Amino acid sequence: MRHDIQPNEQAFSTKEVAEAVGIATPTVRKYGQILERNGYEFLKDGDRRIFVQSDINSLIALRDTDKPLDDTAKDLVAEQKERLDGSGSTEVAINDAYGSNLPQDPDQLKEVLLFVVNELAAAREMNMQLKNDMTQMKTSVAQLQQDHHVISSSIGNSAQRTNAKIERLLEQQNGHYEDLLQQERERSELLQKEIQKMREEQKNEWNSQSDFNKRLEEEIKNRKWGWLTAIFRK
């Protein structure tokens, strides 16, 4: 049990410790886990650690050590145990000393009681401040989680819209390609028909020319034999 905390000693949150030591917040948690694993005691509010200056000094020692972290943590735990043992014996001695020297004067006793009341009030005020800080931290974490959800949803929706646009563009591109391909097929078919038609016309032209040549030859032959026959008749 921690009993080395001084009256009105300032307490720090994980974020404040991270800024003071110059490390990231997850690293503060990591160092805290290493210390606890080796027997170190922290003040806690539920599952959350509350840091005081001696704890900050321990985190700095872990940050700056050249040895394995667990070895340094064991040394820090031993130092804490010595400090706690020393503070416990001192507290008993002081209580014994003051127990035998309590003021008998009512005014002095009233001053002592007033001092105790003020210390208790200060302690309650510090606890209230810690609770308020924790409430604010919980609110901030909840807001951050909500913001993260909104951002994630926005990114997801944006990605879906982008994918939909890409799919539409691909469909349009494929449709345009199919149209061009169909037009090319139609042009090719039309060209084939034109070529076939030209071949048929050329063939017909050749056939006509061939018929004409045959008739011409026959006509020439007939005229030639008629001329020869006329000569013999004379």
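Q: Leaving aside its neighbours within four places in sequence, with which residues is Met134 in contact?
A: In this predicted model, Met134 lies in helix α5, which spans residues 106-233, and with a relative accessibility of 12% it counts as buried. Asp45 is 89 residues away from Met134 in sequence, yet their C-alpha atoms are 9.4 Å apart in space. Once neighbours within four places are set aside, the residues in contact with Met134 are Asp45 and Arg48.

Q: In what order do the elements of the chain run from the N terminus on?
A: The secondary structure of the chain comprises five helices and two strands. Read from the N terminus, these elements follow the order α-α-β-β-α-α-α.

Q: What share of the contacts in the chain with a separation of 6 or more comes from residues 24 or more positions apart?
A: The chain has 234 residues, of which 18% count as buried. Among contacts with a separation of 6 or more, the share contributed by residues 24 or more positions apart is 66%.

Q: Which exposed residues does α1 carry on the face turned away from its buried side?
A: The buried residues of α1 are Thr14, Val17, Ala18 and Val21. Viewed down the helix axis, these buried residues fall within an arc of 100°, so they line one face of α1. What covers them includes α2 and α3, the latter being residues 53-64. The face turned away from this buried side carries the exposed residues Lys15, Glu19 and Ala20.

Q: Which residue with a positive phi follows α1, and what is its phi near?
A: Helix α1 covers residues 14-21. The residue that follows α1 is Gly22, with a positive phi near 85°.

Q: Is Thr14 buried or exposed, and what is its relative accessible area?
A: Thr14 is found in helix α1, and, residues up to four places away in sequence not being counted, it touches Thr25, Val28, Arg29 and Phe51. Because the limit for a buried residue is a relative accessible area under 20%, Thr14 counts as buried, with a value of 14%.

Q: How are α1 and α2 placed relative to each other, and at roughly what angle do their axes cross?
A: The contact joins Thr14, Lys15, Val17 and Ala18 in α1 to Thr25, Val28 and Arg29 in α2. By class, this contact has three nonpolar, two polar and two charged residues. The axes of the two helices come within 8 Å and cross at roughly 100°, which makes α1 roughly perpendicular to α2, an orientation assigned to angles of 65 to 115 degrees.

Q: How far does α2 reach from its first C-alpha to its last?
A: Helix α2, residues 25-37, has 13 residues, for which 18 Å would be expected at 1.5 Å a residue.

Q: Within what arc do the buried residues of α2 fall?
A: Val28, Tyr31, Gly32, Ile34 and Leu35 are the buried residues of α2. They line one face of the helix, since, seen down its axis, they fall within an arc of 160°.

Q: Which exposed residues are carried by the face of α2 turned away from its buried side?
A: The buried residues of α2 include Tyr31 and Ile34, and they line one face of the helix. On the face turned away from that buried side, the exposed residues are Pro26 and Arg37.

Q: Which residue just after α2 takes a positive phi, and of about what value?
A: Helix α2 comprises residues 25-37. Just after α2, the residue that takes a positive phi is Gly39, at about 110°.

Q: With which residues is Val28 in contact, leaving aside its neighbours within four places in sequence?
A: Val28 has its place in helix α2 and is buried, with a relative accessible area of 0%. Its C-alpha atom is separated by 9.7 Å from that of Arg63, 35 residues apart along the chain. Beyond its sequence neighbours, Val28 is in contact with Thr14, Val17, Ala18, Ile23, Phe51 and Leu59.

Q: How far apart are the axes of α2 and α3?
A: Val28, Tyr31, Gly32 and Leu35 in α2 meet Ser58, Leu59, Leu62 and Arg63 in α3, a contact that by class has five nonpolar, two polar and one charged residues. The two helices are roughly perpendicular to each other. They pack at an angle of about 100°, and the distance between their axes is 10 Å.

Definitions and conventions: Residues numbered from 1 in each chain as written. Predicted model: local features only at pLDDT ≥ 70, side-chain atom pairs only at ≥ 80, totals over all residues. Heavy atoms only, no water. Axes fitted to C-alpha atoms, helices over the stretch in contact; angles between N-to-C directions. Helix = DSSP H or I, 4+ residues; strand = E, 2+ residues; numbered from the N terminus. Parallel < 35°, antiparallel > 145°, perpendicular 65-115°, else oblique. Contact = heavy atoms within 4.5 Å. Nonpolar A, V, L, I, M, F, W, Y, C, P; charged D, E, K, R; others polar. Expected span 1.5 Å × (residues − 1). Buried < 20%, exposed > 50% of the residue type's maximum accessible area, 1.4 Å probe, protein only. Arc of directions from axis to C-beta.
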